[in-house]
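Reader: I would like to learn how to read a protein model feature by feature. Could you take me through one?

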Amino acid sequence: MTRIHTTVEHTLTEQRSKFHAAAVPAVSLDEVKKAVAKRKKKFRKARHHCWACRVRDDEGRIVEQARDDGEVGRPGMKLLELLRHNDLEGLLVVSRIFGGVKLGPGGVGRAFRDAGAGAIAKL
């Protein structure tokens, strides 16, 4: 498994909504919480901050978590699938600033996934 060593960001625009993605180094759930809180401060206008992480617990076992933050389309799971597929350890978070056009569950899920994939591609 490859650990994310540096923060990489990517922005995707989908029908006027902005999806700000970041792959962030995190080695514990405490670091994940701090990094998500930092993103919420950075993108105060964002309605949703969806994220997924793969970190290790005290015994070295992988712990996986995903949060949709009230968004439709299960974007947290889509981000977790990206981390699994690329065998990455760390945090993937995407903040959405709504642009006035509803994308529907499928469109929202794809946009979050594509934004996250863009950040991973820059690693």
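**Reading strands, helices and cores**

Author: Gladly! Keep in mind that this is a predicted model.

Reader: How many bridges pair E4 and E5, and in which sense?

Author: The two strands pair over six bridges in the antiparallel sense. Cys53, for instance, stands opposite Gln65 in E5. E4 also pairs with E6, again in the antiparallel sense, over seven bridges. There, His49 has Ser95 in E6 as its bridge partner.

Reader: Is E4 enclosed or open?

Author: In general, the side chains of a regular strand alternate between the two faces of the sheet. In this model, eight of the nine residues of E4 are buried, so the strand is largely enclosed by the rest of the structure.

Reader: Which residues of H2 are buried?

Author: In helix H2 (residues 75-85) they are Pro75, Gly76, Leu79, Leu80, Leu82 and Leu83. Their arc around the axis is only 155 degrees, which puts them on the same side of H2. Their packing partners are strands E4, E5 and E6 and helix H3 (104-121). Just after H2, Asp87 takes a positive phi of about 50 degrees.

Reader: What does Pro75 touch?

Author: Leaving out residues up to four places away in sequence, Pro75 touches Cys50, Asp68 and Phe112. Pro75 is buried, with a relative accessible area of 0%. The C-alpha atoms of Pro75 and Ala52 are 9.0 Å apart, while 23 residues separate the two in sequence.

Reader: Phe112 is an aromatic residue. How should I read a ring pair?

Author: A pair of aromatic rings is described by the distance of the centres and the angle of the planes. The count here comes to one aromatic pair. The ring centres of Phe19 and Phe112 are 5.1 Å apart and the planes stand at 80 degrees, so the pair is edge-to-face. Phe19 lies in strand E3 (residues 17-24) and Phe112 in helix H3, so the pair ties together parts that are 93 residues apart in sequence. Both residues are buried.

Reader: Which residues touch the most other members of the largest nonpolar core?

Author: In soluble globular proteins, nonpolar side chains tend to be buried together. The largest nonpolar core has 21 residues, and those touching the most other members are Phe19, Leu79, Leu83, Leu92, Val94, Phe112 and Ala115. E3, E4, H2, E6 and H3 each supply at least two residues of this core, and H3 gives the most, with six. Apart from this core lies another, of 11 residues, among them Val24, Trp51, Val55 and Leu91.

Notes. Residues are numbered from 1 along each chain as its sequence is written. This is a predicted model: local features need pLDDT of at least 70, side-chain atom pairs count only at pLDDT 80 or more; totals for chains, interfaces and linings use all residues. Side-chain values use heavy atoms; hydrogens and water are left out. Buried means under 20% relative accessible area, exposed over 50%, partly exposed in between (1.4 Å probe, protein chains only). Helices (H or I, at least four residues) and strands (E, at least two) are DSSP runs, numbered from the N terminus. The arc is that of the directions from the helix axis to the C-beta atoms. Contact means heavy atoms within 4.5 Å. Two strands pair if DSSP finds at least two bridges between them. Rings of Phe, Tyr and Trp (its six-membered ring) pair if their centres lie within 6.5 Å; planes under 30 degrees apart count as stacked, over 60 as edge-to-face and the rest as tilted. A nonpolar core is a set of buried Ala, Val, Leu, Ile, Met, Phe, Trp, Tyr and Cys residues joined through side-chain atoms within 4.5 Å.
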